[in-house]
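Dear colleague,

Please find below the structure that I am handing over to you. My notes on a sheet and on a pair of helices follow it.

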Amino acid sequence: MNTKKWLSYPYTIWMGIFVIIPLFIIIYYGFTAEGGGFTLSNISLITDPINLASLWLSLELSLVSTAICLLLAYPLSLILHGMKLKNNSFIIMIFILPMWMNFLLRTLAWQNILEKTGVINTFLKLLHLPALDLINTPGAIIFGMVYNFLPFMILPIYNSLSKISDDYINAARDLGANSLLTFLKVILPLSLPGVVSGITMVFVPSLTTFVISDILGGSKVVLIGNIIEQQFKTVNNWHTGSGLSLVLMVFILFSMAILTKYDKESEGKNIW
Amino acid sequence: MAGGKLIDLMGITKKFGDNVVLDNLDLYIKENEFLTLLGPSGCGKTTTLRIIGGFENPDSGKVIFDGKDVTKLPPNERPLNTVFQKYALFPHMSIAENIAFGLKIKKKSKTYIQDKIKYALKLVNLEGFENRSPDSLSGGQQQRIAIARAIVNEPKVLLLDEPLGALDLKLRQDMQYELIRLKNELGITFIYVTHDQEEALTMSDTIVVMNQGYIQQVGTPEMIYNEPKNAFVADFIGESNIIPSTMLEDGLVSILGTKFACVDKDFGKNQPVDVVIRPEDIDLIKEEESALNGVVTSLIFKGVHYEMEVLAGGHEWLVHSTDLFPVGSKVGIKVDPFDIHIMNKPQSEDEEAATPDEY
Amino acid sequence: MVKKFFSRFYLGLILLFLYAPIFILIILSFNKSKSRSRWGGFTFTWYHNLFQDEAIMEALRNTLIIALLAAIIASVIGTCACLAISNMKKIPRGILLGISNVPMMNADIVTGISLMLLFIALNYPLSFSSILMSHITFNIPYVILSVMPRLTRQNAIIYEAARDLGATKSYAFFKIILPDIFPGILSGFLLAFTMSLDDFVITYFTKGAGFDTLSTIIYTEVRKGIKPEMYALSTLLFISILILLVLINRKKDKEHGEKPLRNA
């Protein structure tokens, strides 16, 4: 097909201006002091005990959420795949549909469910069970993360499962593998690209969120996202904020590099 | 060369929705034979193979393997292996891991597996390919690995589902000889599915011609080619002239109003029949020497022979001959009595022509 | 049978988890009490008041216009890019597709901050157009992700077939290529529209004072209490998209039903 190269120019120019240049601006701010001049102090601020503690907490909560999402989503994707629906878009719709209610409102609704007088505790009271302290805890934040990002784990895994040709499964069965071995030796390894995309798509937003912790953590739980947000919106120190953002970016790049080592197929086409 | 019954399909019926793919099919497969299921797409040949392999359950009927009923047995518990149409090599494993797959499941020792991989790669002429990945191989090479992966498990039967379909002509012909050699070296049963009549004629001990879920004829390649049971088989296996005629009496048939001597008997007197004559069995002779005369209407050079069409007695005769008759030449038609094959008129469209007890 | 029951049960539980907050919000939209935690009886007041609330209506307009424009522009830019990229050699192709991964993989907060810093560096006012450009930026990758897989070799072959049969380049494109990749463009557009509509973080950083979308209004209201009209609005939005999707799906199912069953 003889399509013209110039068709890519709007895209290239757009991404250059709005993706590449902004990254350099962050780098610029991250490495300069308020009056200008090179400094590493913005970067090294991450070693401040408060910042470091919130980075570790973010890491802990996002890892736990990612793990929970994976554990919930993989069996679910297998079930969905097993239903052999003709219409793939139906599945995608079920999981995208909740996004049509604003994400802040949906997260807020978890307050109603989790708080002291909320749905769960009311239910426990009816059963004469002791009330649970759910809201404003790290647990509540994990809940919110799993809730918000679970679809981003389900869709890529489901997608990679539906790409596995029946021939491979038949071949494994033909060569003597029972259902369990077929799953372990063929289905699971072939679905790994989907798992990898799922993990990144849950891990990155969980690690960097400040909204979920704002709404479900009160002011008691401070994540690295909250600290960066405050630097820009309340403290107004863009240099510090950029420095911490850079640390976060490097952190993400580093974890993704480890992850993609296991993912032979990249190009990002497995995400949906 | 063939032993007793190894696989017996009894009254197999399979429907997909309202579509009856196999209708009360009976077939047995002998030990050590190269049996080919041949037919156009949609005839039920692949479904038959998948039922033998255990990938499909029949709606009714039984699959007997070595005297045991295996109808309900899952594929992993059947002592046979399959070479899939699109090879289905596991993309996340090396060639060696692919070949070792079945052996590892059977918990064979490391050295045994290593030896088997070596042996299998040698058998398919791909020594040294152990660490390559499947997608770095050509179609023909992937095909050989798929065969190697199947045979290391020492199956009693190897099922091959149009394995040469994706290869080019030259490679396909080479692989045909390879498969015959493999079959002889391994001494096991091959069940082969194809729509290519030449492949079937070249490799098979027995050919099963299928159409619309029914078996049309079972026999050796020679039988199928020389004595087609009905017009479908005659037409599907090679080219032929099929002419509605009348059987006058034993040994005499009237074709387009001209009497021809033949060797077939027991069709009764003055019965309508179909006559099948292979194009290479027709001799073109001088006009005055034949009772049936015509004109050459087209001429094509085919390499080994000339292909001509002769309009004679109101019928376009297809003739293969090494002698050249230019377009417009007047010729006579001569057919030896044993080259005239008489068939009963079909009773219906999808007639069931033959059952395996006749071979 | 038992296995089937368990898988349905599990699926049901997950769906309950995903949809529970939505039920709560729908219930709250009919709650006479302004408090989130007390049921004060059934009312339609909030639905009634909603249309009189200038601030909410203004934010709704902003949200919808931004989402729609961003999705359309991103679809055009993204589709053009896919057409060009699909013909490129491996290395430029890898680089261009790699760039599209940056906003997908980068944290929203970093994308938002970096765009904000860009606009400030350029002295560009933070308002409607800055939000729109930011949304286009994070939408383009979704379009590319949906359209790219549709541009296969088969596509090039049928394009050449059309040219061979006498079609001009533009005729072949509009009659052959475009209809073939259209489902991809549509799903990319819908995805982009949804993401744009649901976005808070990037809007939050690239908006100026005095300009609000639904997300940013809700965020400021989180502390002082959400106006119940907001629940009513969300319910209306949700129900209307639900009805739309059910209708589309019905139509699709009908089309699917007419296809013949598999061949043997």
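Five strands of chain B form an open sheet in the order β15-β19-β16-β17-β18, with antiparallel pairing. Strands (E, at least two residues) and helices (H or I, at least four) are DSSP runs numbered from the N terminus, and two strands pair if DSSP finds at least two bridges between them. At the edges are β15 (282-285) and β18 (315-321) of chain B, each of which pairs on one side only.

The model is predicted: local features need pLDDT of at least 70 and side-chain atom pairs count only at pLDDT 80 or more, while totals for chains, interfaces and linings use all residues. Residues are numbered from 1 along each chain as its sequence is written, and chains are lettered from A and ligands numbered from 1 in the order in which they are written.

Within the sheet, strand β16 (residues 293-301) of chain B runs antiparallel to strand β17 (residues 306-312) of chain B, and seven bridges join them. G294(B) has A312(B) as its bridge partner in β17(B).

Turning to the helices, α1 (residues 9-30) of chain A packs against α4 (residues 90-105) of chain C at an angle of about 40°, with the axes 11 Å apart. Axes are lines fitted to C-alpha atoms, for helices over the stretch in contact, and angles run from 0 to 180 degrees between N-to-C directions. α1(A) is therefore oblique to α4(C), a class for angles that are not under 35 degrees (roughly parallel), over 145 (roughly antiparallel) or 65 to 115 (roughly perpendicular).

Yours sincerely
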